[in-house]
Amino acid sequence: MRIGILNSGGDCPGLNAVIHGVVGAASQLGWEVIGFKDGFEGLLPPGDYKVLRPQDTLGILKLGGTILGTTNKGHFAAKVGKGDIAEVPADIVAKAKRTMEQLEIRALIIVGGDGSLTTGLQLYREGWPIIGVPKTIDNDLRATAMTFGFDSAVSTVVDGLDRLHTTAESHKRIMVLEVMGRHAGWIALWGGIAGGADVILLPEIPYDTEKVAEFIKARDAQGHHSTLVVVAEGAHLPSGELATIAENAGGEVRLGGIGDIVAHRLESLTGKETRSCTLGHLQRGGAPTALDRILGTRFGVMAVKLAEEGRFGRMVSYQAYHVDSVPIEEAVNQLRLVEPDGEMVKAAKAVGICLGD
């Protein structure tokens, strides 16, 4: 039996671990694995792919990114914006299906986020043997408690805060760190708590910069002359809008700039020297953490198990420390957001972190 695997959407620490898990588990069954290059684009005739054998995945666990390449643009970009979905054109699907048939692919494992899995769901409904593996550093898919890549992204935030803390303290400054996460604040919340941030601003909790400024002034009065502020890229402006850079070719809006806006406003309100820093794609790169390597491997193994059992149209899911699966249709378009009154938020407030509300 021959199965295929592709990565689609943004790169993410742990993608190679999934490939490692798929190839290792498939080889135990005597199966051949075809890795399609650059996401769904590799399916288009004449097909851009390579055979993956166990020896081809030696040493890739420690590597960031993906040996197969990936893209969030091209002919298969079905997600066109928050809440807006478009289908992949029928002629593109037909061309890709010919490649599947010519290569005799009996299962196709799609490793991607909400947009990629939306495409996977469309293909499954058209008769393709699809299995989904969730991939996003944002950790915002409701159908799984954690996604690989998230822990690595949080670790990068913590490292950034550790470094900013020393310069903030030395100069008695306010340092604002903008982090990824899109419309979910998980990276900001986890990274902020672990990195010792004094202020964390999230998309899910409306904040008032004047309240944040008063908090900083109170810290100053108590002898704490430096303040670390973490702001999620999807945190809303006072007007309720998002800070954006531009539209991607695929239609997804590019968030960014909120860190500079918050820094400028806080400097004006407090009179304290303020600097902002944006981690950006540093959060996507580098070697995955041990947790992400293990989780990615487990996801790959479960994907092969689903293929062996013929349980197509399902997405690998992690709940209560156990890897299982859920229907893809229950997984897409269901964001898992930070609960404003949840335990994590309460814990942050309990240790004196200001969330601006």
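This is a short tour of a predicted model, one selection at a time.

**Before you start.** Residues are numbered from 1 along each chain as its sequence is written, and side-chain values use heavy atoms, with hydrogens and water left out. Because this is a predicted model, local features need pLDDT of at least 70 and side-chain atom pairs count only at pLDDT 80 or more, while totals for chains, interfaces and linings use all residues.

**Select everything.** The protein has ten helices and 15 strands. Helices (H or I, at least four residues) and strands (E, at least two) are DSSP runs, numbered from the N terminus. The C-alpha trace spans about 70 × 35 × 30 Å along its principal axes.

**Colour by pLDDT.** This is the predictor's confidence in each residue, from 0 to 100. The mean is 92, and 95% of the residues reach 70 or more. Now select strand β4, residues 79-81: confidence is lowest there, at a mean of 47. Where pLDDT is low, the predicted coordinates should not be read in detail. Helix α5, residues 186-194, has the highest confidence, at 98.

Axes are lines fitted to C-alpha atoms, for helices over the stretch in contact, and angles run from 0 to 180 degrees between N-to-C directions. (Under 35 degrees counts as roughly parallel, over 145 as roughly antiparallel, 65 to 115 as roughly perpendicular and the rest as oblique.)

Show the side chains in contact (heavy atoms within 4.5 Å). Among them are Phe 150 and Leu 161 in α4, and Trp 186 and Trp 190 in α5. The contact has ten nonpolar, two polar and no charged residues. Ala, Val, Leu, Ile, Met, Phe, Trp, Tyr, Cys and Pro count as nonpolar, Asp, Glu, Lys and Arg as charged, and the others, Gly among them, as polar.

The axes of α5 and α10 come within 11 Å and cross at roughly 35 degrees. Leu 189, Trp 190 and Ile 193 of α5 meet Met 344, Val 345 and Ala 348 of α10. Which classes are here? Six residues are nonpolar, with no polar and no charged ones.

**Last, select α6 (residues 209-221) and α7 (residues 258-270).** Their axes come within 9 Å and cross at roughly 55 degrees. That makes α6 oblique to α7. Look for Glu 210 and Lys 217 in α6 and Arg 265 in α7, which are among the contact residues. By class, this contact has five nonpolar, two polar and three charged residues.
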